[in-house]
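Please look at the sequence and the 3D structure below, and keep both at hand while reading the paragraphs that follow.

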Amino acid sequence: MEKAKKTKSIYYKFLGKTYIKSDSVVGAVFILPAVVLGAIFVIAPMVVSLSYAFTDANLLKLNEVGWAGLRQFKKAFTDRFMWNAFKNTMIFVVKVVPLQLLAALGLALILNTKIRGNTFFRWAFFCPVMLSLAVTSFLWMNLLNPEEGLINALLKVFHIPPQPFLESPKQAMNVIVVISAWQGAGYQMLIFLSGLKNIPPELYEAAGVDGAGSGTKFFRITLPSILPTFSFVLVTMLIGAFRLMTQPMIMTQGGPTDSTMTMSYYIYQQGIKYRDVGYSSAIALLYTLFMSTVALTLRKVTDQKD
Amino acid sequence: MMKKRLTNLLLACVLALSLFGFAACSKNGDELEDTADVKVVKVWLHKSEAEPEGRIYRTIADMFNEKKLHTKDGRTIMMSLEFKNSSDALDSSINGELLGGGLPDIVAVDSPNITAYAAQEIILPLDEHLTDDVKNSYVDSVITQSTYNGKLFALSGMDAPGGLYYNKELLKSVGYTDADFGTIENPWSWKDVEEAMDKLKAANKTYKIKLNLGFGGAEGCMYLYSPLIYSAGGQFTDTNEKAVGALNSEASLGGLSMLESIYEQDSAKSWIYNGTNVNAFPGGEVAFEIYGPWLIDTIRKDYKDFQNKYDIMPFPVYESADGTKGKVQSPCGSWGFAVTRDTRDAYAASQAVAFLTGTEASQLMYDSIGTFPTHKSLLDNEENFGSGASKSLSELLLQTGAPRPRIEKYPQLTTAFSDIVNYIKTAAGTSDYNLAKYALQKAQSVDR
């Protein structure tokens, strides 16, 4: 009787499952800091931003916020500069995601073989990830200087005329795509590499015995085996690409001729520089909805393939 | 097991202490607090103490604290500085405190932002706390750019007049004489500059111009190139602060066409210097440079042989098709200081602002970083401003300084103007180039 009473005091039921009280307390204590910090720095700003989207809030007049209803959203849909930023972001995403994905996968495949200097290459490919975006942006700006940059000096050796790079509306975004892929590929490479290491070598051995070539092994064993990793990398890369801001902010300030103005930078510009928090929040809300839809759809599609 | 626990505990303590240590060290400011005898005036700055300008502010604050000025109730006023390290960080801090009421007594403020802050009553008028003698000491451009609705809201201890640096020796080598160089009464237009570059190039001399279009981002563009619009009789906004009809008016577009002309011909004539050498002008790589006063200090310190080989003429003016020239307008303006609405003693804060921008501070700034003093008495100093490039720039500041536009939507306007100028830079001469259309779109983005 005493034992049953004691057992009852140790366990409890919640939503049909039985838990140990002391374990739950320890668990709650462990997650409490994350929950508190998340509530303060993630949930609360999101709620505030969401509420500002329906107001005419200005950063300098936050004590005089007026209800704007859907006015800010209507303004967004007729704002040609926002649409231009959206178009630029989509161009960036469409170009950078495949490029970075292929680069990361390619590097991972190379490093998954037993080449000499494997450790050095792994470090070298990961190096750009460790550098600050601001630092690499300044570095590339110097390299790409039309008159004195190293890249044009190299082109000259091959009798190619100097290029304007970041000063050309036609080239600037492509340059940012390449720089972003260079900087980001190392991180995804490591994730792919860990996925590749988990593939049992026996599968390749068996396929080899059956006469499968390299291509067959890649498409029939490697790719299906790393599909969950592939899906994760794709979604995170996509979200990262949608958020592009640092490189255009530092290297081109959205120019030339608005050709590198991205959605994140535009939202920042409206909210922080122009102090139009209401409008900025409205665009941010619309953009978040768009990104969430794309990411969830993609996740669903790749999950089905898994 | 016990030993492992102890080690973990020790590590946790070290980590916690390190974090506290970092937190304590990371505060970039003084720790002065009010007492019964001391009134502390807190100042937020847009600079880092590691920069020369930041170090000068520290010296000025020390000088102020040694003066032991008093509040109206007899307490000693002490100045406490907090370095925010950048203008963006300062803006963020100000924005963060607007609702909470935690602004310091004084904030650094860039001259074009004064209107927005004054209109929203974030900063207070200084008039009642300062004597007329103090106010009259400053050059007109400082008073003009700091005045809103007839009240003075800020003061500045430094100004940055700009103009066209030119290599006298080179130009004389192709036939120019001292009488030919541009003056306030008889300025050079952009066409005169083009002509001079052509002559230099034909004579196989250094001929390029450094335009500094990337200097200081959008704000730098507005600072250096707003005279393009003013010189042609254009405006950035109309009296209702609307940009459409002003920024894209015929006069404004006429002013912009001066820059357009240089860029259109650049592909054939290679007039514009695109290199990264900040000292290209004293280094002999270019014959001209559009810039502020900072180069004078560099040349004085590092290019002594070049001292007598250059001068500064007014920012090139607009010239119409019939040869009529516009009026001289010179870039100017800089950071100043204003008293915030959250100050606990407006009188004490105003005295601190007057000292931070006073003659001693102004002279210190000039001596160390080369910005121009904002006091008439200092600009009258024969030793510093009696001859050469310094004299030329001081005359430009006193007679032709054209403050940047003062409107609430200044951030939008400065971005729009910078975009237009950069559009000229990157698209002039291309097949789909249409300045009028682009300027209209940008003007609309300001008014939206």
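In this predicted model, B:Val43 stands opposite B:Ile106, a residue of β3(B). The strands concerned, β1 (residues 38-45) and β3 (residues 106-110) of chain B, pair in the parallel sense over 2 bridges; strands are DSSP runs of E with at least two residues, helices are runs of H or I with at least four, and both are numbered from the N terminus, while two strands pair if DSSP finds at least two bridges between them.

Both strands belong to an open sheet of 4 strands in chain B, with the order β2-β1-β3-β11 and mixed pairing. Its edge strands, each pairing on one side only, are β2 (76-83) and β11 (335-339) of chain B, and the twist from one strand to the next averages 30 degrees. Helix α2 (residues 52-67) of chain B packs on this sheet, where it touches β1 and β2 of chain B, and its direction makes about 165 degrees with that of β2(B); such angles run from 0 to 180 degrees between N-to-C directions, with axes fitted to C-alpha atoms, for helices over the stretch in contact.

Turning to the two chains, 19 residues of chain B are in contact with 21 residues of chain A, contact meaning that the C-beta atoms, placed from the backbone, lie within 7 Å. On the side of chain B that touches chain A, the elements giving two or more residues are α9 (217-231) and α17 (410-427) of chain B, and α17(B) gives the most, with 7 residues.

Residues are numbered from 1 along each chain as its sequence is written, and chains are lettered from A and ligands numbered from 1 in the order in which they are written. Local features need pLDDT of at least 70 and side-chain atom pairs count only at pLDDT 80 or more, whereas totals for chains, interfaces and linings use all residues.
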